[in-house]
Amino acid sequence: MAAALSFEQAPPISVPLRFLLTAPLFGIVFGVFLLWQGPELVETRGGFPALAATHLVTLGFMLQAMCGALLQVSPVSTGANVWRPRLVAWVAHTGISAGALALTAGLAAERLGWLRLAVPVLVASMAFYAVVVLAALLRTSARGATIAALRLAVGALAVTVALGAAAAGAFAWSWPLPVAQLAPVHAAWAVFGWGLTLVAGVSYLVVPMFQLTPAYPAAFSFWLPRVVIGAVIAWSVAHMTEAGAGVRSMLGLVLLACGAVFASVTLRLQRRRRRKLTDATFSFFRIAMISMLAAVAAGVVLPWAEGGLRVRIELVLGILLLIGFFVSVINGMLYRIVPFVLWLHLQKRMPIAPNMNQLVPGARASAQSRLHLAALACLACAPAWPPLIYPGGALFAASCAMLEWNLAQALRVCVRLSAAARGSAP
Amino acid sequence: MAGKVIDARDLLPPEPLELTLSALDDLGADDELVLLLYREPHPLYSILRDNGFCHRTESRADGTFEIRIRRAS
């Protein structure tokens with residue numbers, strides 16, 4: 001029976017892996033970019049190099065990994081089979097990789113030609129991905145908090161892409177659009193509508209499963225994605241209509257409160273886990289949730305800060321959200337999703353596949369989590385003392401290189417065992 | 001009729017699936033296998049369907065899912 005194991009829902013191994021193994025490479029590029037730009041990057045927040053750095057990590061690392069993980073999680077865990085997964089993966093992976101490189105090159109060098117190439121590539125590939133994946137998620141008969149969150153997240157991804165295209169188009173082709181209002185609205189849809197909703201939906205599934213915690217409370221799981229999307233819509237309307245600063249601040253705090261509640265509930269579940277396993281995934285999730293709480297604290301004091309201090313706090317908030325929360329969560333999930341994908345692949349080829357949890361040695365994954373934490377500490381303090389961007393960038397690049405090495409080693413073990421199984425077949 | 005219970009609530013994936021598949025090999029025509037988990041094992045359902053088994057899932061108040069598996073008649 002074990003030899004006959006067949007997951008009809010599992011996509012081909014190449015579908016998720018191309019995304020999951022490319023994401024850390026963009027992390028390395030991001031770290032090197034920080035080293036190249038140096039302290040000036042922190043001191044000129046909002047400039048084109050800072051936008052380039054932001055999109056290296058949000059498109060190259062985060063979007064890349066999230067799109068790949070969703071192509072694996074949707075069919076296996078919710079029965080949402082994606083139409084022609086190889087084609088969708090090829091289009092999305094090529095679009096994100098080429099688009100992220102062209103966009104960041106265009107922003108860093110202030111070259112309109114690169115931007116004019118990047119925008120249609122990113123919009124076409126991401127629109128195709130969002131439509132196909134959303135159709136699969138809407139067709140499945142699965143019910144529950146995860147599937148609802150995934151549907152809302154992919155819908156928010158489509159809105160994020162449209163807003164990003166409008167903001168970039170206003171710059172690249174001088175479209176008569178209000179860039180100053182569009183840019184923060186695009187960021188809110190990306191970070192909260194797409195990012196937080198997706199992380200929450202996948203966490204409902206993987207935190208109890210892999211960290212052996214109790215389930216997320218049912219009412220919380222049901223309401224969180226709906227409140228997040230509602231708050232993002234209200235915040236967007238307030239920004240686009242130039243509502244009063246008080247209203248915008250209040251809605252911004254509602255968004256941050258959603259993140260704080262999610263982080264608090266996850267930390268509480270981690271404390272109540274049934275087996276006291278403290279592996280790299282557990283550590284990455286803990287770093288992520290504490291970073292989210294720290295980001296919320298920065299957001300709470302922000303309305304009272306002025307001038308240069310306000311700019312620095314905004315930067316700390318952004319670093320804590322992107323590097324502290326999202327990169328940490330994704331890093332932790334990669335150590336679960338990649339071995340699971342490889343284990344499924346081996347299970348079809350061998351009578352007894354190796355233990356999934358041994359494909360990436362725990363000590364190496366834990367060492368990488370410490371590198372990541374050191375990088376995060378330096379980068380989060382860089383707004384206060386900009387030279388810290390040097391150790392921060394170097395540590396971040398080293399952490400992503402080690403992540404890539406750890407995942408690639410697991411792939412090598414898988415390839416070797418597959419070849420051995422083929423060789424011993426009668 | 002014999003019954004076997006696999007309490008996989010405190011096991012890390014993919015151990016619950018491996019234990020279940022191994023137990024299915026020895027499941028007689030009138031036997032029942034009971035799997036206890038804190039989540040619904042969607043991948044397992046399709047494996048059961050494709051390999052001539054049927055199942056019934058019930059949820060308990062403590063969040064446990066009880067999956068009762070038999071050979072399809």
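## A two-chain model, chain by chain

From the N terminus on, the elements of chain A run α-α-α-α-α-α-α-α-α-α-α-α-α. That makes 13 helices and 0 strands in chain A; helices (H or I, at least four residues) and strands (E, at least two) are DSSP runs, numbered from the N terminus. Residues are numbered from 1 along each chain as its sequence is written, and chains are lettered from A, with ligands numbered from 1, in the order in which they are written. Please keep in mind that this is a predicted model, in which local features need pLDDT of at least 70, side-chain atom pairs count only at pLDDT 80 or more, and totals for chains, interfaces and linings use all residues.

### Chain A

How confident is the predictor about chain A? The mean pLDDT of chain A is 92, and 96% of its residues reach 70 or more; pLDDT is the predictor's confidence in each residue, from 0 to 100.

Next comes overall shape. The radius of gyration of chain A, 21 Å, is close to the 22 Å that the globule rule gives for 426 residues, so chain A is as compact as a globular protein of that length. This radius is taken over C-alpha atoms, and the globule rule is 2.2 Å times the number of residues to the power 0.38. For chain B, with 73 residues, a compact globule would have a radius of gyration near 11 Å, and the chain's 11 Å agrees with that.

Here are the two chains side by side.

| Chain | Span of the C-alpha trace along its principal axes | Buried residues | Contacts at least 6 apart in sequence that join residues at least 24 apart |
|---|---|---|---|
| Chain A | about 70 × 45 × 45 Å | 53% of 426 residues | 77% |
| Chain B | about 30 × 25 × 20 Å | 26% of 73 residues | 57% |

A residue is buried if 20 or more other C-beta atoms lie within 10 Å of its own, exposed if 12 or fewer, and partly exposed in between, with C-beta atoms placed from the backbone.

Why does Val159(A) count as buried? The reason is its 20 C-beta neighbours inside 10 Å. Leaving out residues up to four places away in sequence, Val159(A) touches Trp189(A) and Gly193(A). Trp189(A) lies 30 residues away along the chain, yet the C-alpha atoms of Val159(A) and Trp189(A) are separated by 7.1 Å.

### Chain B

Read along the sequence, its pattern is β-α-β-α-β-β.

The strands form an open sheet of 4, in the order E1-E2-E4-E3 (chain B), with mixed pairing. Strand E1 (3-7) and E3 of chain B stand at the edges with a single partner strand each, so one side of each is left without a neighbour in the sheet. From one strand to the next, the twist averages 20 degrees. Two strands pair if DSSP finds at least two bridges between them.

Strand E4 (residues 65-71) of chain B is joined to strand E2 (residues 32-37) of chain B by 5 bridges, and these two run antiparallel. Here Val34(B) stands opposite Arg68(B) in E4(B). Strand E3 (residues 53-59) of chain B also runs antiparallel to E4(B), with 7 bridges between them. Facing pairs include His55(B) opposite Ile69(B) and Ser59(B) opposite Phe65(B). The hairpin of E3(B) and E4(B) has 5 residues between the strands, and Gly63(B) takes a positive phi near 90 degrees there.

Which residues of H1(B) are buried? They are Pro16(B), Leu17(B), Glu18(B), Thr20(B), Leu21(B) and Leu24(B). The buried residues of H1(B) pack against E1, E2, H2 and E3 of chain B.

### Where the chains meet

At the interface, 18 residues of chain B are in contact with 23 residues of chain A. On the chain B side, the elements that give two or more residues are helix H1 (15-25) and helix H2 (42-50) of chain B. By class, this side of chain B has 8 nonpolar, 5 polar and 5 charged residues. In this scheme Ala, Val, Leu, Ile, Met, Phe, Trp, Tyr, Cys and Pro count as nonpolar, Asp, Glu, Lys and Arg as charged, and the others, Gly among them, as polar.

Notes
Two residues are in contact if their C-beta atoms, placed from the backbone, lie within 7 Å. Axes are lines fitted to C-alpha atoms, for helices over the stretch in contact, and angles run from 0 to 180 degrees between N-to-C directions.
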